[in-house]
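Thank you for making time for this.

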Amino acid sequence: MTLTFIVFLPLLGALVSLFLPKENHDIHRKWALIVSLVALAVVLGMWGPFDAGNPGIQFEQRANWIPSIGVSYHVGVDGISYPMLIITGLVSVLAILASWNIDHRQKEFFAWMLVLQTAMYGVFVALDYILFFLFWELLLVPMYFIIGIWGGPKREYAAIKFFIYTLVGSAIMLVGILATYLKAGLGTFDIVTIAQQANFDPRFQFWAFLAFFIGFAVKVPMWPFHTWLPDAHVEAPTGGSMLLAGILLKTGTYGFFRIAFPTFPEGADAFKWLMALLSVISIIYGALAAMAQRDLKKMVAYSSVSHMGFVTLGLAAAAGAVAQAKGVGDATVIGQLLANGSMALNGAMYVMISHGLISPLLFFLVGSVLYDRAHTRMMDEMGGYFSKIPVAGTILAFAAFANLGLPGLSGFVGEFFTFVGSFPAFRTLVIIAALGLAVTAGYHLWMMQRVLMGEGKKEESFPDINGRELAVSVPLMVLIVLLGVYPALALSILDPAVSQLMLKLGGM
Amino acid sequence: METTALVWILLFPLTGAAVLALGRNHLSPRLIGALGSLAVGASFAVALSALGAYRQAGAPLVQALFTWAKGSGFQVDFGLLGDPISLWWLLVVTGVGFLIHVYASEYMAEDPDVGRFFAKLNYFVFAMSLLVLADNFVGLLIGWANVGLASYLLIGFWNYKPEAAAAAKKAFLLNVIGEVGIILALVLMFMEFRSLAFADVFAGAAQADAGIVTAVGLLLLVGATAKSAQLPLFTWLPDAMQGPTPVSALMHAATMVTAGVYLMARAFPIYQASSAALAAVAWVGGLTALVGAVVATRQVDIKRVLAYSTMSQLGYMMLGAGVGAYTASLFHFFTHAFFKALLFLGAGMVAHYLHGEQDIRRMGGLGKRLPFAYWTFLIGVLAIAGAPPFAGFFSKDEILGAVLAQGHVALWLIGVLVAGLTAYYMVRLFALVFAGEPAEEHGEGHESGLAMKLPVAILALLSTVSGLIAIPGVTAVPAQFLEPAFLAYGYHVPHGGIGWPVAVVLAAAAAGALLAVRAFGPRGAGRQELLATAGSPLRGALANAFYIDDVYQKGIGGLVVGTSYVVGNGLEPHVIDGLVNGVAGGVRRIAQGLGRLHGGYVRRYTLVLFAGVAVFMIYFLLI
């Protein structure tokens, strides 16, 4: 029941808000904030009862829905989805705080933000293909309106591009879902049951994995399916960008963890090289594209493409480790190879969590804190912010160093584990990806040189960061430090689930 | 021996940094300087007591802190290690760091951002202490990276200055390149040893796969070259002078640049297991010592001369490490910390007096006006030039003696040449700054106060006497103290002998000094020549460090940025996204035909989509 409550509370809140007076702008944002906070509180309340040592599904709830074809309402969380729930709850609250001063159609805006929360929570808890797909599609609608109504000058183009792109991806995924259902022949749409019991031949797995791969790769986004992202991120209002970068991209990689890998291990094996290659291209290409931007928000958007490449690289490496283990007789060596795979998956999950904290912080700083003051996103029109707004400038520098993977902050941990876990399987690619770290550092440093240092425009003067803006930034900063200094905290939850996935991939 | 004390070495400066950062606008400059100095002084006191505890126990101090990461098949425990190598380093980091803090409390008192300055300075000491204290490679890397960040913040302290901003960026970027090397080394290490704890890696190094060990050694060396300003990643160091002078002193003497030498010494079992990697260290060190010294002879900025001299002296330390003579290398680190801090703080007093002037062509005759700076700087010059009985004489000769004893004649000759060059450029510097008549009138500056003079006096004293702890045949404190750390993994550190080689080194130094006096003494011809700006191409190349920096910035940097423009402004909008929009356009044209039947945008697309789904579906189920 807990999960059902979390998922539908925001939707209920949105419905209630329809009856609130339209003219009273303050009440809508406060209501949305309260609802989101309650949902977050319930998510955090699960921390105690959640059994970190248990790799299986917890807080499970199942009910028949359309029994004739085997569709059920089945929800639950494990060590892979629970961290995503926490990030979703936190970033949702902060995104609403960040959107405090939305200046028109407030009632609709906050209602859509709440609907979006239901969709995000739903994707991470759904364990039935149809339920998953419904929430997956439901993600699009609120985000489409949030970008299309409250976005920047090119909002309509960006919103439609986002919508079409992901819809094409999910249409192909839907084919995969239906084919999987029919081929499995178990009479159920249950994600867990199919992954455990279905016996797909390699040829089918190849095609089914490809269908899901396209659906998820668009969402991640992996190169070359990424071009919706810079437009959507740049045009979206700040709250939208925060959720888009922080949570929505992760639904793509989460899909690999929850569906594509456990259900089609042979498919993952067939695509591991392609996936690793596209990941490293994403890492390097995203970093280079980020470096070329004048628009600060666009730079951050491309950096997301780059960072999500680490997640998919780690996933590919898990399949790579399994392939290496095949035909090896020595049990110790097999154990080590599978441990590499687990490490890569842990790293991938860690990047998802960390990027889910860092990218919202960056988008908030760039899209709101700086933009509200300077009214520009162009880096060459900025400068000297260390002197003009020292606290805000320092927080931006903090976010930049976190994003470039400074050891001691959360960004490093995931990248490091991904490298360590992936290297045995993809040596050359990992070396190339590691060189990408220098490019990543390069564009962040160049950004800071242009935005924070120097003298900037003489006549400019702004107030430094305010209390609300600190309330958005500080929780993210604290977690970025905590997860950088003490990764065992998150790993204790991730590792059991991830290791079980690894065993499943290895056919054990 | 288990202890709970070591962590305080980290906590004092970390707390200091936090308190100063938050209180920077509320505390008086005096209090800020006092608190900042106190935090590092407290660390020094803890380090001293740890030294006492170590001597009493006769075994390394260890402090387990927490499990950093744990999962299937891997575990990284985080702890602190107080063995001879780390204690040796800590005493210098916190001790010299403390003196520099005290000096800075006067030097920076007038700066409006003095609070921010001391917060960053404390953070620098914290990061360096973490680097040195960690008992595993992840902790070392975290300290390493934070040292890099601290240097970025301090080089760019006057961040409104474009040159400072550029210098900070360059320093951090080159250090990231080094870090990529270290990260890859750790990746290989984990693959081979399944652990990142020093104890596990070092115990297994001798039996490990030779190729991997060599690769690890070379990759760690990449990191060390960036941090310790060795060839080829040294170009950030001369620009790092953009930071306030106490920062330069701290970076060059105690923190930051010595980290590479620390890494070479700490990871010695790796290098002892790979003669190729060890030889690479030696050659990188030897060549860097030479290049740094040669380039230093042509610099006209007082701090740039010192910067290249640091590069050169670090080359000596790497050379020592590269022939396995770790105790000699670490002894030179020890004495160098004193005389290099002394020289930088002396340069700071000069610049302070001259209102920020750093061009030595515009100086001269300062001996009469700044007698204190004159005498202390002279001690620094004698120490670095290797004049007996000053500190540098003993430590440099330990290294060169070991190089020769190990049979590296070519490297020994390079080392001798460097000794001569060092004496030359340091005497040149001293003569141009302090001797003769003032080249220009700067007006009356004020001489420094006690808070600046006292640390300088202490450093001058240490530069004079600290070499005496290792008089060949008489005392051998560094060797005796440090050797257990190397014996712990079964390595006997070699030493050099004394005799005619020392005389050769001394002769080279004397020759260099004499040449410099002739050229740059009060009646030397070089003084006038220096003022005439025209020079031969060779001189231009030397003054600009062989244009290596230009090759990096315009060549490699330009290539990367150019590629990024091709990707970001060409490939992305026109090819990748162009393709997408082209497909979309095609679909739109088809849809327009169907559009007569359907009104709304989205519905139109949805129809096309689901038609596509149906086709796909049929295909799917039939194969």
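Let me begin in chain A, where the axes of helix 3 (residues 81–98) and helix 18 (residues 467–485) come within 9 Å of each other and cross at roughly 155°. Axes here are lines fitted to C-alpha atoms, for helices over the stretch in contact, with angles running from 0 to 180 degrees between N-to-C directions, and helices are DSSP runs (H or I, at least four residues), numbered from the N terminus. Helix 3 of chain A and helix 18 of chain A are therefore roughly antiparallel to each other, a label given to angles over 145 degrees, just as roughly parallel is given to those under 35, roughly perpendicular to 65 to 115, and oblique to the rest. The crossing of these two helices of chain A is left-handed, meaning that the near helix is turned anticlockwise from the far one by less than a right angle, clockwise being right-handed.

On the side of helix 3 of chain A, the contact (heavy atoms within 4.5 Å) is made by L90(A), L94(A), L97(A) and A98(A), and on the side of helix 18 of chain A by R468(A), A471(A), V472(A), P475(A), L476(A) and L479(A). By class, the contact of helix 3 with helix 18 of chain A has 9 nonpolar residues, no polar ones and 1 charged, where Ala, Val, Leu, Ile, Met, Phe, Trp, Tyr, Cys and Pro count as nonpolar, Asp, Glu, Lys and Arg as charged, and the others, Gly among them, as polar.

Residues are numbered from 1 along each chain as its sequence is written, chains are lettered from A and ligands numbered from 1 in the order in which they are written, and side-chain values use heavy atoms, with hydrogens and water left out. The model scores ipTM 0.94 and pTM 0.92. For chain B, the mean pLDDT (the predictor's confidence in each residue, from 0 to 100) is 87, and 92% of the residues of chain B reach 70 or more. Where pLDDT is low, the predicted coordinates should not be read in detail.

Now to chain B, and to helix 4 (residues 114–133), which packs against helix 10 at an angle of about 5°, the two axes being 12 Å apart. That makes helix 4 of chain B roughly parallel to helix 10 of chain B. Helix 4 of chain B contributes F117(B), L121(B), F124(B), V125(B) and M128(B) to the contact, and helix 10 of chain B contributes P246(B), V247(B), L250(B), M251(B) and A254(B). The residues of this contact between helix 4 and helix 10 of chain B are 10 nonpolar, with no polar and no charged.

Helix 4 of chain B also packs with helix 2 (residues 29–57) of chain B, at an angle of about 5° and with axes 9 Å apart, which makes helix 2 of chain B roughly parallel to helix 4 of chain B. Here P29(B), I32(B), G33(B), G36(B), A39(B) and V40(B) of helix 2 meet V114(B), G115(B), F118(B), N122(B) and V125(B) of helix 4. The contact of helix 2 with helix 4 of chain B divides into 7 nonpolar, 4 polar and no charged residues.

Staying in chain B, how many residues of helix 11 are buried? In helix 11 (residues 259–266) of chain B, 8 of the 8 residues are buried, so this helix is largely enclosed by the rest of the structure; buried means under 20% relative accessible area, exposed over 50%, and partly exposed in between (1.4 Å probe, protein chains only). In the loop between helix 10 (245–254) and helix 11 of chain B lies M256(B), which has a positive phi of about 60° although it is not a glycine, and M256(B) is buried, with a relative accessible area of 0%.

M275(A) is found in helix 11 (residues 265–292) of chain A and counts as buried at 0% relative accessibility. Not counting residues up to four places away in sequence, M275(A) touches F209(A), F213(A), M222(A), F256(A), F261(A), T312(A), L315(A) and A316(A). P224(A) sits in the loop between helix 8 (202–219) and helix 9 (228–235) of chain A, and the peptide bond from W223(A) to P224(A) is cis, with omega near 5°.

Notes:
Predicted model: local features only at pLDDT ≥ 70, side-chain atom pairs only at ≥ 80, totals over all residues.
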